[in-house]
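Look at the sequence and the model below, and keep both in view while reading.

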Amino acid sequence: MKSGFQDIQKGAAWLFLLAVFGLLPACDNAPTSKEVTTAAPTQTTTPAKEKKTSVALVMKTLTNPFFVEMEKGARRAEKEFDITLVVKTAAQETSIRQQIAIVDDLVREKVDAIVIAPGDSVELIPVLKKAQDAGIKVINIDNQLDPVFSKKNSLLDVPFISVDNESSAYQSAKYIADKITQPSKALLMEGIRGAMNAEQRKNGAAKAFSENPNIQLAEMDSANWKIDEGKILMQAWLKKHPDVRLIFVANDMMALGVISALKEAGSSEVLVASYDALDQAKQAIRDGKLQATVDQLPAEQGYMGVKYALKALKGEALPAITLIDTLLVTADNIDN
């Protein structure tokens, strides 16, 4: 009996070892394990805000109220079309190198379009070609880029928005020329030489003076669009031509300098016509110190420049030249 009991003990021991090491077959009623897959938490991402189209307005300066009005028109377009408008200006209208540097910076910033009122008709062309090569749309306003030099440098398909400077200057100068019935001496104060708009205004005014046989155009010179240079040049002219009877000035800023010089010299009989219709010039008309000026709607030029830039970005065909109507402002319509 002892050996049987020992056999039972040995069998029980083996069963225990098999159970420990998992060598016994599983029972039918044992629970089966199931693989549980835990889903990763869903990540909710906020869509990135769509980047607005960026249009840069590059002007000559903000010291001239003309360009302040131009910016107002561009700002109106910014709001209407929901874009980002970047406004850049040089320190002075003669700061051409600064304008070139501004365009260079805009190329690096990768704006979508550049609307530019260039201070010079030739010198800005190479850097604008660089902008165009970078895929930036270029719109030219106010002062036209030289078409021949543009073509030579492969700056092509740049729409131009402005006014007929020659025709408008002709009307302004003719307004005072028509008042001359006796032999009289005239002077013509130009803008920046080489700028297309300055050359066109000079030509228009010279034509108006030439049509009156009583008028002798005694001298032409530039005061670079500036009020202080206009005054200095007029002071020099009064010493050389004390009998001057009429003068056309290519913009209102220079004209304000001319009026100041005439006032200091006591020359109240000189007829003055100018261009731009600034508020100060309109007041000078009311005061009888200025006879005529030209409203070339700078705000509309700024607005249309931005509008054309957006059309160009959509691939729409644009006219090569768009001319906005001007208004001759005189004492007859100053408060209309």
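At what angle do helix 6 and helix 7 pack? This is a predicted model, in which local features need pLDDT of at least 70 and side-chain atom pairs pLDDT 80 or more, while totals for chains, interfaces and linings use all residues. Residues are numbered from 1 along each chain as its sequence is written, and side-chain values use heavy atoms, without hydrogens and water.

Helix 6 (residues 165–177) and helix 7 (residues 196–210) pack at about 35 degrees, and their axes lie 7 Å apart. Helices (H or I, at least four residues) and strands (E, at least two) are DSSP runs, numbered from the N terminus. Axes are lines fitted to C-alpha atoms, for helices over the stretch in contact, and angles run from 0 to 180 degrees between N-to-C directions. Contact means heavy atoms within 4.5 Å. Among the residues that make this contact are A169 and A173 of helix 6 and G204 and A208 of helix 7.

Strand 4 (residues 137–141) and strand 5 (residues 160–162) are joined in the parallel sense over 2 bridges, and I141 stands opposite I161 in strand 5.

Last, confidence: pLDDT, the predictor's confidence in each residue from 0 to 100, stays under 50 over residues 1–42. Where pLDDT is low, the predicted coordinates should not be read in detail.

Definitions and conventions:
Two strands pair if DSSP finds at least two bridges between them.
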